[in-house]
Amino acid sequence: MPGTPPTRFTYLGPEGTFTEAALRTIPAAEHGLRTPARSVPEALEAVRSGEADAALVPLENSVGGAIPVTLDELVTGMPLMITREVLLPVEFVLAADVLKPLAGLRTIAAHPQASAQCRHWLQANVPDAVVVDVLSNATAALNAAAGEYDAALCAPIGVPRNRLTVLAEKVADRTEAVTRFALLTRPAPPPPPTGDDVTSLAVSIRHDQVGALLAVLTELAVRGVNLSRIESRPTGEQLGTYFFFLDCTGHVAEARLGEALQGLRRICAEVRFLGSYARHRLHPEPPVQAPAGLSDSDFADSAAWLSRLRDGEVF
């Protein structure tokens, strides 16, 4: 990130959650000050107020989908920018204060999202246990360590921290589940392009304009900008008005994406730029290439041609 790197980080707490585990994959955060927040709004407000330099919050999960509170926070209040994304495989463990047979478990503490992602495993392996909802994965681990429940579904980071014993590993129904997190700062020049980047936007369309959403998609498509995600959230102003959250392949510094943003600015009721940043890939794969005729060099060549025409040269 250009300028002074962040040293004070906040994140959706409490300690011992997947969000903390994701944050600690960032070298600057591993060596900086990390402060848990009680909620996504609290974490982001700490950045807006200057109490923290950056906040890491969940953006979406491959099983449960988008995190509504994060999306809502991105379009309200002072603007914030995504400067980095972190993908973290979600692997739950079943843990207890001491080694116990699964057949003897009667109560299991779990965050509702955790139990939902492990529902089939729980039915198959501990059908007689009652799953008790708690506020977080970290709370589940704490409760199990205190002996309040026989076991807990929790993140692996919570096991050594609470001196728990693992009864079963990788208990999620879908072993490929991944959560995507966003690191947000106050507005600043985005990190330089890497050649494999994502640009995130929030746009609101004129609800009384026929084909308005199609017009938005066309602005991207005609310039070869690949749309990797689109999500809608109500604006809260009136029924039938929405913000659309877009993840586009490319960087704001690139000509084709820059032209697409100009087009969106002309046709949308509002466009909020949420950041351009490097794509995080868990497995190496080549980035999506621009179609023929839509590379930055193609845009530069056509712009130079138009300039020559305006100067009186005829071709």
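Entry 1, second largest pocket. I looked up where the second largest pocket lies: it is between domain 1 (1-89 + 178-188) and domain 3 (190-314), because both give residues to its lining. The domain bounds come from an automatic or database domain assignment. This is a predicted model, in which local features need pLDDT of at least 70 and side-chain atom pairs count only at pLDDT 80 or more, while totals for chains, interfaces and linings use all residues. Residues are numbered from 1 along each chain as its sequence is written, and side-chain values use heavy atoms, with hydrogens and water left out.

I noted a volume of about 380 Å³ for the second largest pocket. Of its 18 lining residues, Glu60, Leu87, Arg180, Arg279 and His280 are the closest to the centre. For the terms, I used a 1 Å grid over the protein atoms alone: a pocket is an open set of points with protein on both sides within 12 Å along at least five of seven lines, a cavity is a set where a 1.4 Å probe fits but cannot get out, and lining residues have an atom within 4 Å of a point. Grid points are joined across faces, edges and corners, and a volume is the space filled by probe spheres set on the points.

Strand 3, strand 5 (81-89), strand 11 and strand 13 (227-234) each supply at least two residues of this lining; the largest share, three residues, is from strand 11. Helices (H or I, at least four residues) and strands (E, at least two) are DSSP runs, numbered from the N terminus. By class I recorded four nonpolar, six polar and eight charged residues, where Ala, Val, Leu, Ile, Met, Phe, Trp, Tyr, Cys and Pro count as nonpolar, Asp, Glu, Lys and Arg as charged, and the others, Gly among them, as polar.

The largest pocket holds about 480 Å³ of space. Among its 22 lining residues, those closest to the centre are Leu12, Pro58, His111, Gln113 and Asn137. Helix 5 gives the largest share, three residues. I counted eleven nonpolar, ten polar and one charged residues in this lining. Domain 1 and domain 2 (93-168) each contribute at least three residues.

Strand 14 (242-249) supplies three residues, the largest share of its lining. The lining of the largest cavity has eight nonpolar, one polar and two charged residues.

Strand 9 pairs with strand 6 (residues 93-96) in the antiparallel sense over three bridges, and two bridges join it to strand 7 (residues 107-110), in parallel; pairing requires at least two DSSP bridges. Cys154 is the bridge partner of Val93, and Ala152 stands opposite Ala109.

I found zero disulfides, a disulfide being a pair of cysteine sulfur atoms within 2.5 Å. Cys118 is buried, with a relative accessible area of 0%.

Definitions and conventions: Buried < 20%, exposed > 50% of the residue type's maximum accessible area, 1.4 Å probe, protein only.
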